[in-house]
Amino acid sequence: MNRLSNRVAVITGGAQGIGAATALRLAAEGAQVAILDLNGDRAAATAEEISSTDAVVAAGGSARGLVCDVTDELRVSEAFDEVFATAGRLDILVNNAGITRDNLFFKMGRADWDSVLVTNLTSAFLCAQAAQRFMVPARYGKIVSLSSRSALGNRGQANYAAAKAAIQGLTATLALELGPFNITVNAVAPGYIATAMTAATAERVGSTTEDHQQVVADRTPLGRVGAAEEVAAAIAFFASDDSSYVSGQTLYINGGAR
Ligand code: NDP
């Protein structure tokens with residue numbers, strides 16, 4: 001499926017995990033993808049690997065890595081300028097960069113509150129604002145942001161749950177304001193996806209990755225945890241014209257868990 005031929009996409013935090021799977025999926029559908037990540041070397045290595053994948057070569061897609069801290073307003077603005085200057089357009093933004101700093105509420109320090117809010121939420125504000133500078137004049141755009149099942153509440157994640165719930169409000173509001181310019185704005189809210197982030201959570205609570213995943217799998221109707229590629233597939237739908245009349249939505253991707 002080459003739904004994204006000639007489209008230019010920015011994916012934040014795309015050097016690994018869900019972001020890397022999304023970069024691969026979009027490039028394999030023909031997009032030119034710019035991976036913005038804190039770790040420039042890893043972003044470049046991921047981009048190189050994606051660009052040499054058979055499916056990406058066959059689809060005419062590509063990937064490149066750019067170092068960018070998405071909490072740094074000036075650097076975000078520069079990075080988007082750089083992508084536009086090179087590619088001449090900007091069609092898709094995936095706000096994926098995120099961190100967790102879990103703790104029970106009564107022990108949660110201000111620094112962990114602030115860093116999670118800024119990295120997961122303010123970054124989406126900054127990147128969407130930078131992207132709309134190019135999308136509005138083109139009368140075309142697709143913005144997809146990562147919320148989380150934790151938006152509904154999750155013990156030990158007051159900061160993360162607040163940020164991910166706010167992503168849904170931001171999404172609904174940007175859909176209202178940017179819709180008249182043919183820009184759709186949607187979010188995905190994954191449940192437990194096997195990535196470095198969830199492996200770190202397992203380690204933090206003193207569990208093995210396998211045991212931690214099994215506990216979640218046992219309470220999930222589909223009987224397993226999710227894979228990054230399964231989130232990437234939903235993001236690709238929102239990034240493509242297959243979702244042309246879908247905006248302001250949050251799609252839960254959690255194996256049927258309520
Ligand atoms: P990972 O930790 O595997 O990847 C996140 C990436 O974001 C890393 O490459 C990280 O770089 C990068 N990043 C972090 N901070 C910044 C920053 N300030 N600027 C640029 N890049 C940054 O996470 P996942 O792939 O698991 O998660 C991706 C998104 O999906 C996140 O928003 C997460 O909250 C969300 N999500 C994940 C779920 C899961 O179960 N895995 C469930 C629900 C939502 P570095 O490693 O160098 O810090």
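Visitor: How many aromatic pairs does a search of the whole structure find?

Guide: The search of the whole structure finds 2 aromatic pairs. Rings of Phe, Tyr and Trp (its six-membered ring) pair if their centres lie within 6.5 Å. Planes under 30 degrees apart count as stacked, over 60 as edge-to-face, and the rest as tilted. F84 and F134 form a stacked pair, 4.3 Å centre to centre with 15 degrees between the planes. This is a predicted model: local features need pLDDT of at least 70, side-chain atom pairs count only at pLDDT 80 or more, and totals for chains, interfaces and linings use all residues. Residues are numbered from 1 along each chain as its sequence is written, and side-chain values use heavy atoms, with hydrogens and water left out.

Visitor: Which parts of the chain does the pair of F84 and F134 link?

Guide: The pair links distant parts of the chain. F84 is in helix 4 (residues 73-87) and F134 is in helix 5, 50 residues apart. Helices (H or I, at least four residues) and strands (E, at least two) are DSSP runs, numbered from the N terminus.

Visitor: Is F134 buried or exposed?

Guide: Buried means under 20% relative accessible area, exposed over 50%, and partly exposed in between (1.4 Å probe, protein chains only). F134 has 13%, so F134 is buried. F84 has 29%, so F84 is partly exposed.

Visitor: What are the angle and the distance for the rings of F237 and F238?

Guide: Their planes are at 50 degrees and their centres 5.4 Å apart, so the pair is tilted. F237 is partly exposed at 30%, while F238 is buried at 3%.

Visitor: How many disulfides does the structure hold?

Guide: A disulfide is a pair of cysteine sulfur atoms within 2.5 Å. The structure holds 0.

Visitor: What span should helix 6 have?

Guide: The expected span of a helix is 1.5 Å times one less than its number of residues. Helix 6 (residues 158-178) has 21 residues, so it should span 30 Å. Its end C-alpha atoms are 30 Å apart, which agrees.

Visitor: Which elements do the buried residues of helix 6 pack against?

Guide: Contact means heavy atoms within 4.5 Å. The buried residues of helix 6 include Y160, I167 and L174. The buried residues of this helix pack against helix 5 (110-138), strand 5 (141-146), strand 6 (183-190) and helix 7 (196-204).
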